[in-house]
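I opened my notebook to look up a few things in this fold. Here is what I went through, entry by entry.

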Amino acid sequence: ARERVRLRSTFTPAQPVVDPLMFAGRRDILETLIRAVEDQRSHVVIYGDRGTGKTSLLRMLSRAAEEAKYIVVYFSCGATSDFTETFRAVATEIPLLYHSAISPISSNSEIGHTLLDLLGPGKLTPRLFGDAAAKLVGTRVIVVLDEFDRAESADFRRDVAELIKTLSDVSARLQLVIGGVASDLVDLMEHIPSIRRSVAALRVPPMGDDEVAAIIENGAKMSGVRFDVDATQLVVSAARGSPYLTSLLCHVSGMLALDDGRVRVEFKDTCRALDDVIEDFRRRIPQKLVVQLDQADQGVRSARPGAADNADAASGLDRNSSASAKVLETLEKKGALAGVKPAAYALMIDSITPYLQLKGAREDILDDGGFLQTRATFTTA
């Protein structure tokens, strides 16, 4: 029971890493992120595929900044995110005593308590917020806008870009750190002339195999649930650089081992976990699309030369994301995705990509001589 509780707290695929003791890998990227904020005083945009650990990086950055006495405001964007609503919420987290126009002997009851009290009612513009932020003294503020890709409003994206330019022009002691799913900076941010020189763009790539193994080793130490060498190798091969899938497979296989009364995860546990996870993602996809999805996936995989697959093996998520995009393109051409509501479409996409990745990984593993013994363990998708 003790190991079960620890395992739940260690491998948390549904939640980002918030405890530094649980953070493994990504040290170089985290250091680069901190240098961009601390040394270059840049606004930062981090982007990459879903499941690469962007939110965990932003949480670790936020924690480090708070320890360094920054004011940190963390905000997760949504489909209906609005500039006025978002930055009014930000302003409530900034004490008014850091505003240069406020006398330290002024009564709080006379002027208010936070930066929001100076902004007044009505629509909030990038210029209005930027001018207020320009007068901050005695502290530094980091505003983290996570899940930025989920914001559907072009006006919101443009206003945020305008704010970055305004804050840079007035050398404000407030910096934005933006994270989202995107293939590049242009895909995530609205184009504003001269904004590029104010922004440090950082792509979060798939993890290396050694980093994935470090997640498993670190989790084993924290939970007390050990992973056999073969079990670790199978997770590394199937996750292909995704910290999310690594945590998910370790969580499920660990629970399966504990259900059998063992605190050591064996190869057979990881095999069962991979099947269970694939089936779970499959159930999240509308069943009428599953057959078409698998047919399109098979067509894409069959069209890939074997030599190219081997050459691209190290690219992990990149290769699988590209394959997923081709599958979705095929389905859209067939009209299979027509009429799907935006929210349902987003949920479906979030399930299709890992489903295709793990399904493809399982097929590749079965074709690998080093994992021939799995043929008797895996079920047919």
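Predicted model: local features only at pLDDT ≥ 70, side-chain atom pairs only at ≥ 80, totals over all residues.

**Entry 1, the whole chain.** With that cut-off, I found that buried residues make up 49% of the 381 residues in the protein chain. I looked up the surface too: the chain exposes about 17,900 Å², and carbon and sulfur atoms supply 51% of that area. For secondary structure I noted 17 helices and 7 strands. Among contacts with a separation of 6 or more, 77% are between residues 24 or more positions apart.

**Entry 2, the sheet.** Which order do the strands of the open sheet take? I read β2-β3-β4-β1-β5, 5 strands with parallel pairing. β2 (71-76) and β5 (199-203) are at the edges and have a single partner strand each, so one side of each lacks a neighbour in the sheet. From one strand to the next, the twist averages 15°.

I followed β1 (residues 43-48) to β4 (residues 174-181): the two run parallel and are joined by 5 bridges. Y47 has G180 in β4 as its bridge partner.

Helix α3 (residues 54-67) lies across β1, β2, β3 (141-146) and β4. I noted its angle to β2 as about 160°.

Which residues of α11 (residues 229-239) are buried? My list is A231, T232, L234, V235, V236, A238 and A239. After the helix comes R240, with a positive phi near 50°.

Key:
Residues numbered from 1 in each chain as written. Heavy atoms only, no water. Buried < 20%, exposed > 50% of the residue type's maximum accessible area, 1.4 Å probe, protein only. Helix = DSSP H or I, 4+ residues; strand = E, 2+ residues; numbered from the N terminus. Contact = heavy atoms within 4.5 Å. Areas by Shrake-Rupley, 256 points an atom, 1.4 Å probe, with all protein chains shown as cover. Pairing = 2+ DSSP bridges. Axes fitted to C-alpha atoms, helices over the stretch in contact; angles between N-to-C directions.
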